[in-house]
Amino acid sequence: MPQFLEHSMTAWRGQQVEHQQSWVDRFDPRAKVLAMAMFALIVVFSKILWLPLMGLVIAFCFALSASLNLRRTLRRMIAMDMFVVVMVVMLPFTTPGTAMFHIWGLPATYEGFEYAISIALKANAVVLALLALVGTLEASTLGHTLGRLRVPEKLVHLLLFTVRYLDVISREYRRMRKAMKARAFVPRNTLHTWRSFGYLVGMLLVRSLERSERIYAAMKCRGYCGKLYLLDSMQWQMRDTLLLIAMAVFAVFAIISGAYIA
Amino acid sequence: MTALITAEQLSYSYPVRGLVLDQVNMSLYANERVSLEGSNGAGKTTFLNLLVGLNKPKSGRVIAFGRERSVEADFVEVRANAGFLFQDPDDQLFCPTVLEDVAFGPLNQGKSMDESKQIATEVLECLGMVGFEERVTHQLSGGEKRLITLAAVLAMRPQVLLLDEPSNALDKAARLRLIDVLNNLPQAMIIISHEPSFLDALVTRRTRLERGKIIDA
């Protein structure tokens, strides 16, 4: 499906339009998701600092070879790093240990600082790898992949329907918003504004619920009885096995190097 | 000649709207294209919903394809034989791509993956929609969406078509194309529409839903 969701504003877009094809795209989506899961576990459970650092370097290599769009990727990374910054500021003051310096009598500890750095490294490594490996999949392909990997059907359906209808709902929202504007509505900090937005959200919920009932009826009309069939052609190839083996080697290396012993 | 679908003394009421169908009788025979006209809120869509068991009638019977149908299990078979085209194509197209959507019905009928794709391709070809297989459903134009939903319904090889305002929001060219396509289909049809010119070009018999009754018009 080549142009999936490319015109929508809120829908979770595939990066198809944004990045050039690369060898990372040639991997089977299942291999990418599995490799990603392994990578995340290896990095997250590390108790030492240099393993996440190494993970970040590996993730960086993935991102480079996936020829990710630089601006989009940076924007997403920064969005997550906002949370990380808060932690890096807070943790030295809340973790007990040897004091590094004092602010207003509060001690900032070496242990807390190390802890914060490790979280920052892990988070960035995992998110960057996620953007490179899973972010390059289109949303519906990811749904199919999870289905093939035997993730519970209900969750897969939930994802696929969200992908399909997010756009419809957002269009409905914009239509109603336009209708409000057409009647000279300007948001202010007044009761009228808040009430109108309340109506807008409420109406959106009611309409979505009604739509979901009509969709269910339409599906029943075509013989739906709880099973969705996924039409796709995923081909597991030699390089997919190699990718997983490479990840396994990384895991074994991490275990042997004692990264999980406190 | 026995009717394909017969409604006998069907009644239905909504909590707020009250009684919309009052002991309605109607039959659809093979090779017929029947119009169902009537004002907004008269209960036309409700009537079609009752025929395929999406709503439960307050009283009355539905006899479809030779048997009385009363419980959900009966209606599964009815829905496969009576293709229902909804008012809003966006309610019907829920798969990412056209091919997946058209193949959804046959797959539910137990056909294999290859067989379903084959059927989907054939139906699309028959409607002149070759090349749309990999298109994304919600990016189609109104007229294209309409024809794809029709393809999705036809892929189940129904004997009857129930069309709920099929010409809604179509431009002139799309409407002419739809008329042409429908005229060449062998199925018996019930067509809900407010457009006289659209109905004139298609139907063999006209009925009206008025004050809860279906009468010949």
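**Close-up views of a predicted two-chain model**

**View 1. The side of chain B that touches chain A.** In this predicted model, 23 residues of chain A are in contact with 28 residues of chain B (contact: C-beta atoms, placed from the backbone, within 7 Å). Helices α2 (72-81), α3 (89-92) and α4 (98-108) of chain B each contribute at least two residues to this side; helices (H or I, at least four residues) and strands (E, at least two) are DSSP runs, numbered from the N terminus. The largest share, seven residues, belongs to α4(B). By class, this side of chain B holds 16 nonpolar, seven polar and five charged residues (nonpolar: Ala, Val, Leu, Ile, Met, Phe, Trp, Tyr, Cys and Pro; charged: Asp, Glu, Lys and Arg; polar: the others, Gly among them).

Residues are numbered from 1 along each chain as its sequence is written, and chains are lettered from A and ligands numbered from 1 in the order in which they are written. Local features need pLDDT of at least 70 and side-chain atom pairs count only at pLDDT 80 or more, whereas totals for chains, interfaces and linings use all residues.

**View 2. Helix α5 of chain A.** Eight of the ten residues of α5(A) (139-148) are buried, that is, 20 or more other C-beta atoms lie within 10 Å of their own, with C-beta atoms placed from the backbone. Among them are Leu142(A), His144(A) and Gly147(A). The buried residues pack against α1 (29-44) and α6 (153-182) of chain A. Just after α5(A), Arg150(A) adopts a positive phi of about 65°.

View 3. Strands β9 (205-210) and β10 (213-216) of chain B run antiparallel and are joined by four bridges (strands pair if DSSP finds at least two bridges between them). Glu210(B) stands opposite Lys213(B). Two residues lie between the strands, and Arg211(B) has a positive phi near 45°.

Note on methods: Two residues are in contact if their C-beta atoms, placed from the backbone, lie within 7 Å. A residue is buried if 20 or more other C-beta atoms lie within 10 Å of its own, exposed if 12 or fewer, and partly exposed in between; C-beta atoms are placed from the backbone.
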